[in-house]
There are 2 protein chains.
Amino acid sequence: MAYPAVILVQPQLGENIGKAARAMLNFNQREMRLVAPRDGWPNPAATPAASGADEILEQAAVFASTQEAVADCQLVFASTVRPRGMTKPVVTPRVAAQLMHEAHARGEKTAVLFGPERSGLNNDDVALADMVVTVPVNPEFGSLNLAQAVILLAYEYSQFDETIVADDVADPRGAKADKAMLEGLLGHMEQELEPRGFFRSEDRRDTQRRMLWALLQNAQMSEQEVQTWRGIVKALARTPRGAGEP
Amino acid sequence: MAYPAVILVQPQLGENIGKAARAMLNFNQREMRLVAPRDGWPNPAATPAASGADEILEQAAVFASTQEAVADCQLVFASTVRPRGMTKPVVTPRVAAQLMHEAHARGEKTAVLFGPERSGLNNDDVALADMVVTVPVNPEFGSLNLAQAVILLAYEYSQFDETIVADDVADPRGAKADKAMLEGLLGHMEQELEPRGFFRSEDRRDTQRRMLWALLQNAQMSEQEVQTWRGIVKALARTPRGAGEP
């Protein structure tokens, strides 16, 4: 059985990384990725807190950015409360579990992003996800710590009944593009848009870039579709025939 | 909506009691009961770990024995791995959640027992429960701590879809007896059995007593049925008419 990668973005305390590893292994999840852990890696505080889940820590992969950590993934969830000012689908852990099982049946790679203990995921991290997964807690006392969020999602994933995954979950559009392919398309678009004055000012560049990313991601493109889009961008960037002629 | 009581049996660290309170309040569970907490109660180490769930700690009820803590309950689960040498139904957290919702719809009181951090529930505590609830963890790495077990069960309870509880869940046998009524019947039986040589030796008394308790509990008796049984015991204990006559 395939499992999602658990991506801890800028985790602060080694102890919490260890507890997350322990939570994962309880439900047989083994792939931990760390994005820019605050106190570096390896972190000696992690091991005692892992209560024997050392193999998870030893095999944890470290990335400099969230973007690099999700590059090989086709379906990414951001574990957070409903984000303000962002139009992302928000699902429950149970629905997320089902969607990940279905993605794995198609041969896709999935991941769940968890933010730093104090602040949670920032908007740029959430933007890299396809969907938001939110544990429906008491609205007057939402206080899940990192390991608790990890264990609830891992538990739901483990609880999912494989037998209810439809036999044929192949997308008729073909293999879904991974994040790196989408970034490639975005980079290509930016490169062509830049000299054409698309980015109205340095101030607005980030906002516009996020908007473009959301546009690509929400399209849930296949690899073939990304290629097609790149062809379109390339074509659009050509000097039109007849330009400059009288 | 009604909620189960969370009963911590002989909890060791105040910190873990606080974490359990925090886990509970995330899913709106508020009734904590403590059985003989090792370091007494209140425990100043509990409050910081509760992260604001102080009301749970302030309202926690303390009992000297598990038996007293479950006395008013009709449906009790023991959270533990499958117990050896004990014939109890073992259910998943999801099934336990459904059974508790159904019990609440009948007006019954429910509870979940959690054992001491190091050792878990002992056989006598498990014997007081109607069923065992076991989180299906990785068989090669079962390492749930107290707060994690509490949060997974609280989460499942919160996830339960009320609409799938049948409209009429009343037991045709009438209101189910609580544990105190069953204890009353057991005490009555023991009192009558004792002088009749039922308990073959002091060594075997505990085993035989447990066997009797299981007998009563597995019958899932209604209040009326307990009364009927008491009448039967009373009648059986009478000197038969004609005894001693020629």
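I take buried area as the accessible area (1.4 Å probe) that two parts lose on being put together, summed over both. The model is predicted, so I kept to its rules: local features need pLDDT of at least 70, side-chain atom pairs count only at pLDDT 80 or more, and totals for chains, interfaces and linings use all residues. Residues are numbered from 1 along each chain as its sequence is written, chains are lettered from A and ligands numbered from 1 in the order in which they are written, and side-chain values use heavy atoms, with hydrogens and water left out.

**Interface**

I looked up the interface first. Chain B and chain A bury about 2,500 Å² between them, and 51% of that lies on carbon and sulfur atoms. B:Asn26, B:Phe141 and B:Tyr155 supply 25% of the area that chain B buries against chain A, more than any other three residues. I then looked at contacts (heavy atoms within 4.5 Å). On chain B, 29 residues are in contact with 29 residues of chain A.

Next came charge pairs. A salt bridge here is a side-chain nitrogen of Lys or Arg within 4 Å of a carboxyl oxygen of Asp or Glu. The rule finds two across the interface of chain B and chain A. I noted the side chains of A:Glu156 and B:Arg94, which meet in a salt bridge at 3.1 Å, N to O. Which helix gives the most to the side of chain B that touches chain A? It is α7(B), with six residues. Helices are DSSP runs of H or I with at least four residues, strands are runs of E with at least two, and both are numbered from the N terminus.

**Within the chains**

I counted ten helices and seven strands in chain A. Buried means under 20% relative accessible area, exposed over 50%, and partly exposed in between (1.4 Å probe, protein chains only). Of the 246 residues of chain A, 48% count as buried.

Over all chains, I found 34 salt bridges. One of them joins A:Lys176 and A:Asp130 at 3.7 Å, N to O. These two lie in separate loops, 46 residues apart. Both A:Lys176 and A:Asp130 are buried.

B:Arg205 lies in helix α9 (residues 202-218) and B:Glu194 in the loop between α8 and α9, so the pair ties together parts eleven residues apart in sequence.
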